[in-house]
Amino acid sequence: MLVDGNQIRPIWLDDDRTTVKVIDQRQLPHRFVVADLTQVDEVIHAIVEMFVRGAPLIGATGAYGVMIAALNAGLKNDPMAFIEKECRRLKAARPTAVNLAWAVDRVLAIVRTAGSVEACIDAARDEAAAIAEEEAENCRMIGVHGAEIVEAIRHEKDRGPVNILTHCNAGWLACIEYGTATAPIYEAFNRGVDLHVWVDETRPLNQGARLTAWELGKHGVPHTVITDNAGGHLMQHGRVDMVIVGTDRSTHTGDVANKIGTYLKALAAKDNGIPFYVALPSSTFDWTMTDGVKEIPIEERSPDEVRYIQGLADGQLTRVLVPPETSPAADFAFDVTPARLVTGFITERGVCGASEEKIHELFPEH
Ligand SMILES: CSC[C@@H](O)[C@@H](O)C(=O)COP(=O)(O)O
């Protein structure tokens with residue numbers, strides 16, 4: 001996407017075709033820092049520590065991680081065994097987003113048939129690049145389909161912008177281009193639809209306040225950062241027309257895992273008769289799980305992410321402690337919104353209802 005006139009993606013391959021470059025998203029919006037990844041340990045660190053985050057981007061990073069494993073396999077006794085082991089480590093880096101295992105397995109399947117180490121490297125590089133391009137195109141199409149919903153809501157309203165509430169960052173920083181939840185927003189905005197976005201700050205790591213607000217601002221999209229608990233109040237007062245969120249894993253029966261707090265937004269939307277859409281590429285469907293609440297693994301992260309908050313003070317990125325030093329804290333990173341609360345899925349193939357029947361109608365090959 002365009003940032004200050006420059007075309008930028010959150011991940012790309014350096015000219016040497018061996019170094020993977022990523023934006024270190026921990027430092028946004030205050031610092032724009034690019035990190036080099038040349039070792040599998042560095043890729044895992046970047047995923048675990050959330051230099052890169054968001055389901056499709058975690059997938060693309062894992063895919064390039066397989067290329068890095070292949071690049072480092074040459075001196076090993078059994079290069080393929082080494083690559084397989086590194087892939088298992090990559091897939092374990094973050095548990096909730098299904099895209100990580102999906103992308104690593106997809107690249108590994110090609111690598112297994114490649115032959116020489118050199119062929120493995122080339123195959124992994126090509127497949128990782130293909131995944132990144134496909135996800136970019138998927139997100140573009142999510143925008144095309146989702147913008148129609150935004151436009152329809154605009155036509156139903158007598159006046160004022162379409163007010164869209166979003167949670168976390170499901171923007172291009174979380175994907176490759178356009179984003180998932182933000183793709184319909186960017187597309188509708190580009191078509192001239194009058195809209196405004198309520199951006200949940202998304203504690204504890206503030207992906208909304210830091211990343212979504214930054215993205216939308218760079219694109220000129222009108223937006224307002226709100227506390228995570230403001231959505232219900234705004235909905236009760238007719239100030240939200242629709243909710244669009246992304247997802248890290250959705251079951252093929254329509255249950256949606258996304259950033260912690262999404263479920264509460266869906267409940268409030270249901271209570272207020274507000275449409276609640278989930279935007280996702282098909283790589284984020286889990287075709288094996290049927291009960292999201294029981295089956296989707298929910299990541300628990302360091303309590304320090306809750307205890308400390310990061311921001312800019314006197315020109316320096318600073319962390320400050322919020323609760324009493326001795327109070328225990330817990331960081332549940334995701335929750336599951338049951339299908340019954342979801343109005344529809346916006347996918348690269350179109351929009352469908354949140355049920356096994358409707359999802360499989362759109363993706364009959366599964
Ligand atoms: C298009 S990204 C969809 C989700 O991955 C996004 O909404 C989200 O919850 C990201 O969580 P994060 O912990 O920042 O990786």
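Author: We start with a helix pair. H4 and H5 cross in a right-handed sense. Right-handed means that the near helix is turned clockwise from the far one by less than a right angle, and left-handed that it is turned anticlockwise. Helices are DSSP runs of H or I with at least four residues, strands are E runs of at least two, and both are numbered from the N terminus. The model is predicted: local features need pLDDT of at least 70, side-chain atom pairs count only at pLDDT 80 or more, and totals for chains, interfaces and linings use all residues. Residues are numbered from 1 along each chain as its sequence is written.

Reader: At what angle do the axes of H4 and H5 cross?

Author: Axes are lines fitted to C-alpha atoms, for helices over the stretch in contact, and angles run from 0 to 180 degrees between N-to-C directions. The axes of H4 (residues 98-112) and H5 (residues 117-156) come within 9 Å. Their crossing angle is roughly 145°.

Reader: Which residues of H4 make the contact with H5?

Author: Contact requires C-beta atoms, placed from the backbone, within 7 Å. H5 brings Cys120, Ala123, Ala124, Glu127, Ala128 and Ile131. H4 brings Ala103, Arg106, Val107, Ile110 and Val111.

Reader: Are H5 and H6 roughly parallel or roughly perpendicular?

Author: The axes of H5 and H6 (residues 182-190) come within 7 Å and cross at roughly 65°. Angles under 35 degrees count as roughly parallel, over 145 as roughly antiparallel, 65 to 115 as roughly perpendicular and the rest as oblique. H5 and H6 are therefore roughly perpendicular.

Reader: Which element gives the most to the side of domain 1 that touches domain 2?

Author: An automatic or database assignment sets the domain bounds. Domain 1 spans 2-134 and domain 2 spans 145-362. Between them, 24 residues of domain 1 are in contact with 28 residues of domain 2. With five residues, the top contributor on the domain 1 side is H2.

Notes:
Two residues are in contact if their C-beta atoms, placed from the backbone, lie within 7 Å.
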